Amino acid sequence: MKWLTDTPLALEPQKNNRFVMTNLDDLVSVMPTEQAPAAEQATTQEPVCTIVSADPRIVESCAAIAVGAAVRIIQCTEPETLRLTASGPVLWGSDLAGLANNDGHRVDVLVGLESEGSQLWSQASRFPKARVALLPSAGQWLGEYLGLWAMRAGHGHTLAFTATAGGLGTSTLALLVAHAGTLTGLRSVVIDMDPHSQTLWPRASTKPPTGVGWEELQHSGGRLAAHQLAETLPQLRNTSVLTWSGTSEHEAVEEQLIIRLLAAARQGFDLVVLDTGRYPHPLQSVINQFIDRQVFTAQASSLPQRGEAVLCGEQRARCEPAISTEILGSFPISSRIIKADQRGELLDSFKSRRVRQSLANLCLIPQVQGQNS
């Protein structure tokens, strides 16, 4: 059961073969309205770092910094056990850094008190890639280091679709790609981040959603737990969806909520698909911190100056693209897709072999671990 079959439409393997979609052809006799087999539940562990030290002053200082960065810290006093327990960044206190083996141990940051500066810098000469943090003066830097790592700690591949013009079918493509991920065995979510969107839901289902939307998240406050997000979002045939209710005008989403949401989504899902609307998004700089890949939807006359692009509704480019623009392929918005969209059953588009093949040719879905390419 392969998606990419020996047909004239199949493209040659792309230069990045991590994004080859497989194991989707025929969709178990096309699966008319039944749900696809559920993907294995993804682990949703919180970000964790390790401090290798027996000095209570160093341990307590690092613990306070880690709490502020929303990262759980584990103390290790026996370096020989580190390889079995280490998860995330490994901080070495100046008292035990002498036991670190350059080949056998991971050393991300060497931590010590300012009074131990000369000793710590001497130890740092053995680990050219390790950073040095002298406390308390380097406390803010260490907090930012752990915080930035925590934001991207999730395993979920994050793909952002952004449009060069309106009406190109960006939301349609985002929904279909997210569900294609579900059908390949990934735990997938599509997040409606278009500032001008009312809601994505009616396009894919005539039934009201059961779960939380942006309105509820805006009033939730505090930190978002990955497992709670995965369990409370409404689903369309096993694909989670975060969108607006569509009942009224909505306020812009605050930056801190976007940060908490994307951090939790990367931890709770295997594939995170963002529909960000027209480029650039008001919070584009924040979104860039989380995404693994950004793909523009465009027409031949509205190609971006750089990056990757999908021609929506176009079979081929009418002119040579800019040298820094890579056209991944085309995705025609067929009459089948339009009719399925209009009746609120967009995911029925997967009954079409042509639609499935067009999506597969774009090579946007990360391959499931252990899957044959």
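Trainee: Which residues touch the most other members of the largest nonpolar core?
Mentor: Phe161, Leu173, Val177 and Phe331 do, out of 34 residues in that core. A nonpolar core here is a set of buried Ala, Val, Leu, Ile, Met, Phe, Trp, Tyr and Cys residues joined through side-chain atoms within 4.5 Å. Buried means under 20% relative accessible area, exposed means over 50%, and partly exposed is in between (1.4 Å probe, protein chains only). Keep in mind that this is a predicted model, where local features need pLDDT of at least 70 and side-chain atom pairs count only at pLDDT 80 or more, while totals for chains, interfaces and linings use all residues. Residues are numbered from 1 along each chain as its sequence is written, and side-chain values use heavy atoms, leaving out hydrogens and water.

Trainee: What does Leu173 touch?
Mentor: Leaving aside residues up to four places away in sequence, Leu173 touches Phe161, Thr297, Val310, Cys312, Phe331, Leu359 and Leu362. Contact means heavy atoms within 4.5 Å. Apart from this core there is another one, of 30 residues, including Trp244 and Leu274.

Trainee: OK, sheets now. What's the strand order in the open sheet of 5 strands?
Mentor: The order is β2-β1-β3-β4-β5, with parallel pairing. Two strands pair if DSSP finds at least two bridges between them. β2 (72-76) and β5 (131-135) each have a single partner strand, so one side of each is left without a neighbour in the sheet.

Trainee: How many bridges join β4 to β5?
Mentor: 5 bridges, and the two strands run parallel. One of the pairs is Val109 with Arg131 in β5.

Trainee: Which strands does helix α4 lie across?
Mentor: α4 (residues 139-151) lies across β1, β3, β4 and β5, at about 130 degrees to β5. For that angle, axes are lines fitted to C-alpha atoms, for helices over the stretch in contact, and angles run from 0 to 180 degrees between N-to-C directions. The buried residues of α4 include Leu142, Tyr145, Leu146 and Met151. Among the elements covering them are α1 (56-68) and α9 (255-268), as well as β1, β3, β4 and β5.

Trainee: Switching to charges: how many salt bridges does the count come to?
Mentor: 9. A salt bridge is a side-chain nitrogen of Lys or Arg within 4 Å of a carboxyl oxygen of Asp or Glu. Arg266 forms one with Asp292, the closest N and O atoms being 3.1 Å apart. That pair links distant parts of the chain: Arg266 is in α9, Asp292 is in the loop between α10 and β11, and they are 26 residues apart.

Trainee: Is Arg266 buried or exposed?
Mentor: Buried, at 5% relative accessibility. Asp292 is partly exposed, at 38%.

Trainee: Which residues do salt bridges that share partners join into one network?
Mentor: Arg237, Arg343, Glu345 and Asp348.

How values were computed. Helices (H or I, at least four residues) and strands (E, at least two) are DSSP runs, numbered from the N terminus.
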